[in-house]
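Subject: Structure handover

Hello,

Here is the structure for you to look over. Please open it first, then read my notes.

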Amino acid sequence: MAVIAIEEYRCMVFQEPRFVEYFRLATPELEYGRMNIGSRPAKRKPSGGIETLRAIPWIFAWTQTRFHLPEWLGFGAAFKHVIDKDIRNLQMLQEMYKSMAFLYGHY
């Protein structure tokens with residue numbers, strides 16, 4: 001499942017033509033780039049695109065929105081793949097969800 005989630009994530013981030021525009025509108029990424037908050041610049045290349053962003057500004061930007069896209073993007077595709085592979089996996093995923101309720105705020 002992890003491989004599928006990562007592939008879906010990379011596809012969305014690097015191949016969706018509107019993703020960078022969305023990222024810049026939804027997060028304070030550009031503001032982080034102007035702040036001196038780390039030992040290194042926010043980007044590896046000042047004129048580079050999203051692919052040159054360092055991990056800290058990337059995660060900080062999403063954290064500020066409270067929309068943790070890097071953690072969740074691709075899970076739906078991975079779950080669909082596992083269920084399509086064998087419908088019995090649906091029960092396993094449901095049991096995992098119930099046993100990991102603390103992760104989802106279902107106490």
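This is a predicted model: local features need pLDDT of at least 70, side-chain atom pairs count only at pLDDT 80 or more; totals for chains, interfaces and linings use all residues.

Residues are numbered from 1 along each chain as its sequence is written, and side-chain values use heavy atoms, with hydrogens and water left out.

**Helix packing**

Start with H2 and H4. Helices here are DSSP runs (H or I, at least four residues), numbered from the N terminus. H2 covers residues 19-26 and H4 covers residues 55-65. Their axes lie 10 Å apart, at an angle of about 60°. Axes are lines fitted to C-alpha atoms over the stretch in contact, and angles run from 0 to 180 degrees between N-to-C directions. The two helices are therefore oblique to each other (under 35 degrees is roughly parallel, over 145 roughly antiparallel, 65 to 115 roughly perpendicular, the rest oblique). H2 brings Phe 19, Tyr 22, Phe 23 and Ala 26 to the contact, and H4 brings Trp 58, Ala 61, Trp 62 and Thr 65. Contact means heavy atoms within 4.5 Å.

**Aromatic rings**

The structure holds 9 aromatic pairs. Rings of Phe, Tyr and Trp (its six-membered ring) pair if their centres lie within 6.5 Å; planes under 30 degrees apart are stacked, over 60 edge-to-face, the rest tilted.

One of the pairs is Tyr 22 with Trp 62: tilted, 6.2 Å centre to centre, 35° between the planes. The partners sit 40 residues apart in the chain. Tyr 22 is partly exposed, at 40% relative accessible area. Trp 62 is buried, at 1%. Buried means under 20%, exposed over 50%, partly exposed in between (1.4 Å probe, protein chains only).

Phe 23 and Trp 58 also form a tilted pair, with 4.8 Å between centres and 35° between planes. This pair joins H2 to H4 across 35 residues. Phe 23 is buried at 0%, and Trp 58 is buried at 10%.

Phe 19, Tyr 22, Phe 23, Trp 58 and Trp 62 form one aromatic cluster.

**Helix H1**

Which residues of H1 are buried? They are Ala 5, Tyr 9 and Val 13. These three cover an arc of only 55° around the axis, so they sit on the same side of H1. The arc is taken from the directions from the helix axis to the C-beta atoms. The face turned away from that side carries the exposed residues Val 3, Glu 7, Arg 10, Phe 14 and Gln 15.

Best wishes
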